[in-house]
Amino acid sequence: MYSPPTTPADEHRALAAQQEASGVFGVTVEGRRLWGYQGRTLGQKAHHPDHGACWLRLISAPVAQAKGKLWEGTKDAATAFPGVRKPALYGIHDGTERDGIAYRAELTDSSTPPPARRSPC
């Protein structure tokens with residue numbers, strides 16, 4: 001686990017983007033905020049009126065870098081590996097850019113227990 005962004009302004013922008021995404025998805029966030037490396041990601045439990053327990057993940061990057069695996073990975077994985085159990089992806093929202101930073105929110109299911117770990121041998 002990491003700490004919030006390095007500046008209060010960065011943290012404020014991320015929380016504003018999370019609030020925007022919460023409204024778009026119609027979810028209520030709850031519990032502890034979990035920040036990723038240097039505050040580039042933010043995850044938090046959420047509740048959706050139809051889907052129930054969810055996970056709201058916010059990704060941030062400078063606008064020019066808002067692409068590639070970081071940006072598209074969850075969406076690509078949702079369709080690339082149909083035989084692999086993974087949380088359902090309910091939605092993606094590209095939020096308002098703030099001070100040259102792009103934000104993407106992903107809403108996924110969090111009620112499905114992870115698959116049991118097995119040895120590759």
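Start by finding I92, which stands opposite E106 in strand β5. Before going on, know that this is a predicted model, where local features need pLDDT of at least 70, side-chain atom pairs count only at pLDDT 80 or more, and totals for chains, interfaces and linings use all residues. Residues are numbered from 1 along each chain as its sequence is written, and side-chain values use heavy atoms, with hydrogens and water left out.

Now select residues 89-94: that's strand β4, and it pairs with β5 in the antiparallel sense over five bridges. (Strands are DSSP runs of E, at least two residues, and helices are runs of H or I, at least four, numbered from the N terminus; two strands pair if DSSP finds at least two bridges between them.) Six residues sit between β4 and β5 in their hairpin, and there D99 takes a positive phi near 50°.

Next, colour residues 52-62. This is β3, joined to β5 by nine antiparallel bridges. Look for C54 opposite D109, then W55 with its bridge partner T108.

Zoom out: five strands make an open, antiparallel sheet in the order β1-β2-β3-β5-β4. β1 (28-35) and β4 are at the edges with a single partner strand each, so one side of each has no neighbour in the sheet.

How many of the nine residues of β5 (101-109) are buried? Eight are, so β5 is largely enclosed by the rest of the structure. Buried means under 20% relative accessible area (1.4 Å probe, protein chains only).

Methods. Buried < 20%, exposed > 50% of the residue type's maximum accessible area, 1.4 Å probe, protein only.
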